[in-house]
Amino acid sequence: MVENPKAKKYDREERTFQFAQAVREFVKKLPKTLSNIEDSKQLVDSSGSVGANYIEANESLGKKDFLMRIKISRKEAKESAYWLRLVDIGNDNTIENERGGLVREANELTNIFGAIIRKSE
């Protein structure tokens, strides 16, 4: 069976969108401390940038542009994991479990983009 490259592209675009959306839902549940407000802004920005740069990579003007955008997506996924680990969740185990899932997804996205970079260079 021949794989459809468009299907894979769409899947990653959708996956990055779902990640950004899940981060936004997670942020709504955090305690409204001064540090969480500031850290949440960074988290929302980086989580959305993962997918936005992936979309730009798919519309790139050439291999160099593609690689740069994929590298930015990887960087933003790493940054999202950092901000997720940094926010204060209080003592809520439900939010802690949700955070763990989001950190795992950020790490998986980082690994996916890393594999794309290795195969493309």
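Contact means heavy atoms within 4.5 Å. The structure is a predicted model, in which local features need pLDDT of at least 70, side-chain atom pairs count only at pLDDT 80 or more, and totals for chains, interfaces and linings use all residues. Residues are numbered from 1 along each chain as its sequence is written, and side-chain values use heavy atoms, with hydrogens and water left out.

Helices are DSSP runs (H or I, at least four residues), numbered from the N terminus. In α3 (residues 63-86), the residues that meet α4 include F66, L67, I70 and A77; among their counterparts in α4 (residues 93-120) are L102, V103, A106 and F113. The residues of this contact comprise 13 nonpolar (Ala, Val, Leu, Ile, Met, Phe, Trp, Tyr, Cys and Pro), five polar (the others, Gly among them) and six charged (Asp, Glu, Lys and Arg). The two helix axes, which are lines fitted to C-alpha atoms over the stretch in contact, come within 9 Å and cross at roughly 160°, with angles running from 0 to 180 degrees between N-to-C directions. The helices α3 and α4 are therefore roughly antiparallel (over 145 degrees).

Two residues of helix α2 were also examined. Not counting residues up to four places away in sequence, N53 touches R69, I72 and S73. S40 also lies in α2 and is buried, with a relative accessible area of 8%. The C-alpha atoms of S40 and S80 are separated by 10.0 Å, with the two residues 40 apart along the chain.

Methods: Parallel < 35°, antiparallel > 145°, perpendicular 65-115°, else oblique. Buried < 20%, exposed > 50% of the residue type's maximum accessible area, 1.4 Å probe, protein only.
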